[in-house]
Amino acid sequence: MSQSASVHSAVEPAETPLTPESWGKLGMWMFLAGDAVGFGVLLASYGGMRATSADWPIPFDVLGINLTALMTFLLICSSVTMVKALEWLGKGDRAKCTMFLLFTALGGAVFVSLQAYEWAHLIHRGLHINGNPWGASLFGTSFFIITGFHGLHVTGGVVYLLSIVRYVANRPEATASYNAVEIVGLYWHFVDLVWIMVFTFMYLL
Amino acid sequence: MATAEHKHPNYMAIFWSLAILTVIEIAVIYMPFARFTIGVLLCALALGKAALVAMYFMHLRFETRTLGMVAVTPLAIATLLVFLLLPDGFAVAKKTEIKKAAATAPAKP
């Protein structure tokens, strides 16, 4: 008995010390830590450029924050539908989980659409990647790069969420897809978290 | 294992906190404070919101401490980077000012 137990623990792949229940979760956390460095570098260089620029426009005068505040609220709501999806799956209800995953994806899709509308509106008013009527040309450059990078993350997240909807649909056992849903949740909340930072530093500050 | 997975915080409370903090953030920029004070308040509010999302939505609160350290490292790197960039940026700004002054000075008389 004791021998079989020791053999078992030797054969079993070693469990990760950081996230004991799944390697996939650790993988997602590692990816997110790297991605956070990417966003961190973008926002830090934005801060550095802005602090040392003599004619940086005041963002909330130029960009307008009504639409963006709505987008922020939308993303927070989609984070809630994401946790609801995981909660329902934990209770074994795959149909409710799928519904909430689809709500989350819808929230992301609407967010990206609103961002496209906002970009079109700002481009029309003269905010270009290489210059703008209000001051430092780097303002437009950094605006499009940072919000664009985040928008791409949301777009990728919507595709990811839809693929997880399929993953859940293909597995009759709710427990079989719990990990996958938890991991897509990590990604989605991270995108929300980054938007909180972007909204504060690029629109409000 | 299973017990750790089912430890769910009160998500709606977190949602309302995030919504209220967002409203406070927007209110802060219209307050009659100095720009510096507004900046500090906004940074604090944003970090608070980010912490709520990470701790409860991403369940970081229920994970190991080491994973928390992994998650906080990028923030430390980014903060450090701002201070690394500032001296360079100010040096360039000063040079531009000197150049501008030199260019406008002979045109005066």
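**Reading a helix and an interface**

A: This is a predicted model. We can begin with H5 of chain A, whose buried residues are Cys97(A), Thr98(A), Phe100(A), Leu101(A), Thr104(A), Ala105(A), Gly107(A), Gly108(A), Phe111(A), Gln115(A), Glu118(A) and Leu122(A).

Q: What covers the buried residues of H5(A)?

A: The covering elements include, from chain A, helix H3 (59-62), helix H4 (66-90), helix H6 (138-169) and helix H7 (174-204).

Q: How many residues does H5(A) have, and what span does it reach?

A: H5(A) runs over residues 94-124, which is 31 residues, and from its first C-alpha to its last it reaches 45 Å, close to the 45 Å expected at 1.5 Å a residue.

Q: Which residue caps the N-terminal end of H5(A)?

A: The cap is Asp93(A), which has a side-chain oxygen 3.3 Å from the backbone nitrogen of Ala95(A). Just after the helix, Gly126(A) takes a positive phi of about 110 degrees.

Q: How should I read the area buried between chain B and chain A?

A: The size of an interface is often given as the accessible area lost when the parts come together. Here about 4,000 Å² is buried between chain B and chain A, with carbon and sulfur atoms giving 81% of that area, and the contact takes 44 residues from chain B and 48 residues from chain A.

Q: Which side chains meet in a salt bridge?

A: The count between the two chains is 1 salt bridge, in which the side chains of Lys25(A) and Glu63(B) meet at 2.8 Å, N to O.

Methods. Residues are numbered from 1 along each chain as its sequence is written. Chains are lettered from A and ligands numbered from 1 in the order in which they are written. This is a predicted model: local features need pLDDT of at least 70, side-chain atom pairs count only at pLDDT 80 or more; totals for chains, interfaces and linings use all residues. Side-chain values use heavy atoms; hydrogens and water are left out. Helices (H or I, at least four residues) and strands (E, at least two) are DSSP runs, numbered from the N terminus. The expected span of a helix is 1.5 Å times one less than its number of residues. Buried means under 20% relative accessible area, exposed over 50%, partly exposed in between (1.4 Å probe, protein chains only). Contact means heavy atoms within 4.5 Å. A polar contact is a pair of N or O atoms within 3.5 Å; within protein, one must be able to donate a hydrogen and the other to accept it, and residues adjacent in sequence count only if both atoms are side-chain atoms. Buried area is the accessible area (1.4 Å probe) that two parts lose on being put together, summed over both. A salt bridge is a side-chain nitrogen of Lys or Arg within 4 Å of a carboxyl oxygen of Asp or Glu.
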